[in-house]
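Please read them beside the sequence and the coordinates.

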Amino acid sequence: MQYTPIKRKIPAASISPGVYADRDELMRLRFKASGFSFLPRQPIHSVLSGRHASRLRGRGLNFEELRSYLRGDDPRHIDWKVMARTGKPHVRVYTEEKDRTVWLLVDQRITMFFGSRRRMKSVVAAEAAAVAAWRVLSQGDRVGALVFDDHDIQVIEPLRSEQRVAQILDCIIEKNHALNARSGIEPNPMMFNRVLRQACELVRHDSLVSVVSDGAGINSETRRYVTRLTAHNDVLFAFIYDPLEQALPDAGRLTFTDGQTQVELNTAERKLREAYRADFEQRIRRMGDTSRRHSIPLLAVHTAAPVLDQVRGQLGIAV
């Protein structure tokens, strides 16, 4: 579904720090999103270095001309078939494409409306998407987005403009502010594969697809769509999580709710805490297996620290 902005004023009282994303803050991230790149030649400690670097293609190359070999030309560019036919060495000349298309797949489902520290996961995802969008624009590349919740997917076609980034952020804000634990929203894990399937239909060759999500809904079918995407594109996965999802504290009886049902758990029980941790680790393993199989860099971003500091740290940039 193509995104059509809905001009709806959000009451100031509903914009709680960390609970809902703030548009002004997302816009200000433009002036902070610098000093890192999603392209090859990463610092040695970056999650994009090593074997991942060869997967991140950067901008593509366009063939420009075939000309005679000159002293100093790179021998790797010699066209051996032409040389065999003419008896003289010729080289193929390429020019770098002016821009590269980056697609952001941004998760704003009800499972993202959770947080125990500084931010909700949904807010962290909004900030991570804003950081990526502004950085992509500053490098002269085009940016588009598929923003999804539990019901639909909003498509924003890629463009290289400030207005397009603002439009992406407005779409994220709209879905973010619609989240409410008492709204009766039914979690829809199938939306994860649905957005990947739509990305397969929209994304052209040599693009970068950045998935910003908690990964709820990853299953065996996910691998099929990821395989299609990575055949001719790069994929980067920003895994959003909350520390409380990683391990339950030994805090006695706690009450949890998803807005519809309520359950009381005795976190003092060690078996319960171990089962909880094992479930999270299994989800991490599934994502890790998919990441390794398709050489997809995996950035783990949690809710307990500033997003930009975490991104810079995992890309090997001093914070």
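1. Burial and cysteines. A residue is called buried when its relative accessible area is under 20%, exposed when over 50%, and partly exposed in between, with a 1.4 Å probe and protein chains only. By that rule Cys171, with a relative accessible area of 1%, is buried, and Cys200, at 14%, counts as buried too. The structure holds zero disulfides, a disulfide being a pair of cysteine sulfur atoms within 2.5 Å.

2. Basis of the values. This is a predicted model, in which local features need pLDDT of at least 70 and side-chain atom pairs count only at pLDDT 80 or more, while totals for chains, interfaces and linings use all residues. Residues are numbered from 1 along each chain as its sequence is written, and side-chain values use heavy atoms, with hydrogens and water left out.

3. The sheet. Helices (H or I, at least four residues) and strands (E, at least two) are DSSP runs numbered from the N terminus, and two strands pair if DSSP finds at least two bridges between them. Six strands form an open sheet with mixed pairing, in the order S5-S4-S3-S6-S7-S10. Strand S5 (153-159) and strand S10 (298-302) stand at the edges with a single partner strand each, so one side of each is left without a neighbour in the sheet. On average, neighbouring strands of this sheet are turned by 15° against each other, direction ignored; axes here are lines fitted to C-alpha atoms, for helices over the stretch in contact, and angles run from 0 to 180 degrees between N-to-C directions.

4. Strand S6 and its surroundings. Strand S3 (residues 101-107) and strand S6 (residues 208-213) run parallel and are joined by five bridges, with Trp103 standing opposite Val209 in S6. Val211 also lies in strand S6 and is buried, with a relative accessible area of 6%. With contact meaning heavy atoms within 4.5 Å, Val211 touches Leu105, Phe192, Leu196, Val235, Leu236, Phe237 and Ala238, not counting residues up to four places away in sequence.

5. Nonpolar cores. A nonpolar core is a set of buried Ala, Val, Leu, Ile, Met, Phe, Trp, Tyr and Cys residues joined through side-chain atoms within 4.5 Å. The largest one has 41 residues, and those with the most contacts inside it are Leu26, Leu104, Trp134 and Ile172. Elements that each supply at least two residues of this core include S3, helix H3 (121-138), strand S4 (142-148) and helix H4 (162-177), and H3 gives the most, with 12 residues. Apart from it lies another core, of 26 residues, among them Phe148, Cys200, Val226 and Leu229.

6. Salt bridges. Taking a salt bridge as a side-chain nitrogen of Lys or Arg within 4 Å of a carboxyl oxygen of Asp or Glu, a search of the whole structure finds 17. Lys175 forms one with Asp149, the closest N and O atoms being 2.9 Å apart; this pair links distant parts of the chain, with Lys175 in helix H4 and Asp149 in the loop between S4 and S5, 26 residues apart. Lys175 is buried, with a relative accessible area of 9%, and Asp149, at 14%, counts as buried. Salt bridges that share partners also join Asp107, Arg109, Lys121, Asp214 and Glu245 into one network.
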